[in-house]
Amino acid sequence: AVAEPRIVAAGLFAGSFVPRTMFEEARQVTIPLHVLLQWDDEGNDRQTALDLFDAFASTEKTLHANMGGHTGVPQFAAEDAARFFARHLRRPQTGTHHQTGSRP
């Protein structure tokens, strides 16, 4: 997202090893973010994931934390992510004129 200007929104699965350079790069990321964190994921450090989320410079960022381990991601988490991407990846409609003024 830092190096590629065509990326306009991102979904991230929080966790795993996070190198220090990732925190530096996160401070440069300003696109909308949807971050998923499995609260009880034994392979990931929860506090590091929270710290990384906080480091992102995005003004629109959402953290979805769910109970359960790495393989316990609930189905609705995928639905939430799909709505996020539908909202941010919609192409602007060209040739559409919006009527102003009062409605009949």
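In the predicted model, the protein chain comprises 3 helices and 3 strands. These elements follow one another in the order β-α-β-α-β-α from the N terminus. Of the contacts between residues at least 6 apart in sequence, 75% link residues at least 24 apart. The chain has 104 residues, 31% of which are classed as buried. Its accessible surface amounts to about 7,500 Å², and carbon and sulfur atoms contribute 53% of that area.

In soluble globular proteins, nonpolar side chains tend to be buried together. In the present model, the largest nonpolar core consists of 15 residues, with Leu33, Leu52 and Phe56 making the most contacts inside it. Two or more residues of this core come from each of α1, β2 and α2, and α2 provides the largest share, 4 residues. Beyond its neighbours within four places in sequence, Phe56 contacts Leu12, Ala26, Val29, Leu33 and Lys61.

At least two lining residues are supplied by each of β1 (10-13), α1 (20-26), β2 (33-38) and α2 (46-55). By residue class, the lining contains 16 nonpolar residues, 1 polar residue and 1 charged residue.

Definitions and conventions
Residues numbered from 1 in each chain as written. Predicted model: local features only at pLDDT ≥ 70, side-chain atom pairs only at ≥ 80, totals over all residues. Heavy atoms only, no water. Buried < 20%, exposed > 50% of the residue type's maximum accessible area, 1.4 Å probe, protein only. Contact = heavy atoms within 4.5 Å. Areas by Shrake-Rupley, 256 points an atom, 1.4 Å probe, with all protein chains shown as cover. Nonpolar A, V, L, I, M, F, W, Y, C, P; charged D, E, K, R; others polar. Core = buried A, V, L, I, M, F, W, Y, C linked by side-chain atoms within 4.5 Å.
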